[in-house]
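Let's take a walk through a protein and the DNA strands beside it. Have a look at the picture first, then we'll go through it piece by piece.

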Amino acid sequence: MLNENAVIARLLAWYDAHKRDLPFRGTRDPYRVWVSEIMLQQTRAQTVIPYYQRFLQRFPDVQALAQAQEEEVLKLWEGLGYYSRARMLHKTAGIVAQNGFPTTEQGLRELPGIGPYTAAAIASIAFGQPAPAIDGNLTRVLARLYHIEENVRIPSVARQLRRYGENLMPPDRPGDMNQALMDLGATLCVPGTPECDQCPLSQLCVAFNEGEPETLPVLPDARPPRPIPMAVALVTHRDQVLLIQRREKLLHNLYVFALCEGQDDEASAARHLKHLGLSVQAGQPLGSARHVFTHRVWQMELYHFEADAPISVPHGLWATAQQLQALPIPTAMKVARQQALHILSDK
DNA sequence: GTCCAGGTCC
DNA sequence: GGACCTGGAC
């Protein structure tokens, strides 16, 4: 079927000549590998680079991270998304600072925030274990290399993918092989139209030889996100604006403006603020914004309300412009935050 | 604007 | 199986 030894030899030679120069490459320090792999979950390498550099500068080792406040970790994560990654990274730092890093895939798998992919990535890169790190890139490359035409989410198919991956792990360079497969998936064996004419594996690739590598892998259809109307209230008093720290799972512990979920009109927003115990003047419309999550779309209408007094509200905080810059605030609030800074600067 | 990609937890 | 976020390509 597939000549594994030829794939390994060609791909490692290609990697040695063409590997991406990334700041988290060239280290086997398990802390650095761990931080980078958590950031790389669901996130492209180019996006991760500046976050990784700031994070390592502030938290150079696991002890530094373990001693931090969660809020500071979230602030450094601001804009990267999937904030439970940051919360679990911080939590897990406490465990690792006590016990040290597990050195096996199974041991790593027991830590919060480390799933099958990340356990294999750390085990192979930091500890030289022959574990294939099956992420989206590996899935695509393997599905094409082995011409897997079934839905790769079916458990039996996923297990087969893992076995194929294991067969491609050279005993001497498993970490490099994983990173070579990832780089191939990120640069040539891309979704859509792969650049097979430049690929070191095309001659060996079953999908290429069958003719339709661009149709693989077969993934289930994604569900469209559900639209949620939302009124966003920028409630100011003198040089401060009201922020609320979220207790919900979505954007947990991050700060947002007063949100009225389900309604986007001014009257609903005003009712919501009254319910919080606030006395406000009539709201001024500030335009709209949209933010897409995996499972929902916030369709936001923004309003400015002037409060008669800075009444304290549950989980609320009256923030100055300076605090607005210093607190962890999600990208969903980007437009609203700009508006808030503009309003506060006019005072 | 629209489409798409991308791991872990519960 | 659903919840969880954002940015890049087009």
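How do the residues of the lining of the largest pocket divide into nonpolar, polar and charged? They split into 23 nonpolar, 13 polar and 12 charged. For that count, Ala, Val, Leu, Ile, Met, Phe, Trp, Tyr, Cys and Pro are nonpolar, Asp, Glu, Lys and Arg are charged, and the others, Gly among them, are polar.

A quick word on what you're looking at: this is a predicted model, where local features need pLDDT of at least 70 and side-chain atom pairs count only at pLDDT 80 or more, while totals for chains, interfaces and linings use all residues. Residues are numbered from 1 along each chain as its sequence is written, chains are lettered from A and ligands numbered from 1 in the order in which they are written, and side-chain values use heavy atoms, with hydrogens and water left out.

Back to that pocket. Its volume is about 1,600 Å³, a volume being the space filled by probe spheres set on grid points that are joined across faces, edges and corners. On a 1 Å grid over the protein atoms alone, a pocket is an open set of points with protein on both sides within 12 Å along at least five of seven lines, a cavity is a set of points where a 1.4 Å probe fits but cannot get out, and lining residues have an atom within 4 Å of a point. The largest pocket has 48 lining residues, and L40, Q42, D135, G136 and N137 lie nearest its centre. Two or more residues come from each of α2 (30-40), α3 (45-58), α8, α9, α10 (155-167) and α11 (174-187), and α9 gives the most, with 5. Helices (H or I, at least four residues) and strands (E, at least two) are DSSP runs, numbered from the N terminus.

α9 turns up again in the largest cavity, where its 3 residues are the largest share of the lining. This cavity holds about 130 Å³ of space, and R144, C189, C196, C199 and C205 are the nearest to its centre among 15 lining residues.

Next, the DNA. DNA strand B has 18 residues around it, with G113, G115, T118, G136 and R140 the closest; a residue is near a strand if one of its heavy atoms lies within 4 Å of it. Both α8 (116-127) and α9 (136-145) supply at least two residues of this surface. Now look for polar contacts, pairs of N or O atoms within 3.5 Å (within protein, one must be able to donate a hydrogen and the other to accept it, and residues adjacent in sequence count only if both atoms are side-chain atoms). A polar side-chain atom of T118 sits 2.4 Å from a phosphate oxygen of DNA strand B, while G115 uses a polar backbone atom, 2.9 Å from a phosphate oxygen.

DNA strand C is surrounded by 20 residues, the closest being Y83, L251, V292, T294 and H295. R296 places a polar side-chain atom 3.1 Å from one of its phosphate oxygens, whereas a side-chain N or O atom of Y82 is 3.3 Å from a base nitrogen.

At least three lining residues come from each of domain 1 (4-215) and domain 2 (226-345), bounds that come from an automatic or database domain assignment.
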